[in-house]
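Trainee: I'm new to this one. Could you walk me through a piece of it?

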Amino acid sequence: MACILIVVTNAGNVINGRETGVWLSEFAESYLTFVDAGHEVIIASPKGGEAPIDPKSKGEALLKKWEEAADVLKNTISLDNLDSEDFDGIFLAGGHGTMFDFPSSERLQYILTEMAEDNKVIGAVCHGSAGFTHFLLPDGTPFLEGKRLTTFTNKEEKEMDLDKDMPFLLESKVRELGATFVAAPIFTENVEMDGNFITGQNPQSTLRTAKMFLEKIEQ
């Protein structure tokens, strides 16, 4: 049995006041994939406590379908209380809220650095990759430099009419950091693997991203 750390956002508002947070399916599908496979899963966030769910992702039917996962988000553990050595891998769940607190979380960057140094499995889906945008290796090189990955694309951001509300465009930022960015048509499944680094483009990619992450964990 492996121990997997899933990190979610605490941020509930975007610049113009529209509510955001965790995209429920991205968390629920990954969480349940790991739990159903028999692994221990710890849910954490930069501050701990409640991780707000993006209202656009949590219709009544979805909340009923993923009730177990939604309940877990009501009381997450602070990253400050966790050590990387206790985990076999880390998975960053998405939602627009991540754009506002993942990049500035020094503890998240520290845990990611230790995980990378130990060659542990690192994964993310959609906006979860915002957590990598300030992630520097000990020599100061961006972690993403030369990495093959995907994230929510600029086209998808514009399609949702949220491109002007973000502190930066995620696709543009990871390209600036030297990543090899791979995009599929908007809102279609796309997962990229580069060694122990697995990323998914959008909510449609969550299940496959989680399964590929799990395959690496279980090797």
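**A hairpin and its neighbours**

Mentor: Let's start here: strands β8 and β9 form a hairpin with two residues between them, and Gly195 in the turn has a positive phi of about 65°. Strands are DSSP runs of E, at least two residues, and helices are runs of H or I, at least four residues, all numbered from the N terminus. This is a predicted model, where local features need pLDDT of at least 70, side-chain atom pairs count only at pLDDT 80 or more, and totals for chains, interfaces and linings use all residues. Residues are numbered from 1 along each chain as its sequence is written, and side-chain values use heavy atoms, leaving out hydrogens and water.

Trainee: How many bridges join β8 to β9?

Mentor: The two strands run antiparallel. Strands pair if DSSP finds at least two bridges between them. Met193, for one, has Ile198 in β9 as its bridge partner. The number joining β8 to β9 is four.

Trainee: Which residue stands opposite Ile198 in β9?

Mentor: Look at strand β5 (residues 121–125), which pairs with β9 in the parallel sense over four bridges. Opposite Ile198 stands Gly123.

Trainee: Is Glu192 buried or exposed?

Mentor: Glu192 sits in strand β8 (residues 191–194). Buried means under 20% relative accessible area, exposed over 50%, and partly exposed in between (1.4 Å probe, protein chains only). Glu192 has a relative accessible area of 8%, so Glu192 is buried.

Trainee: Which side chain makes a polar contact with the side chain of Glu192?

Mentor: A polar contact is a pair of N or O atoms within 3.5 Å; within protein, one must be able to donate a hydrogen and the other to accept it, and residues adjacent in sequence count only if both atoms are side-chain atoms. Here the distance is 2.7 Å, and the partner is Arg148.
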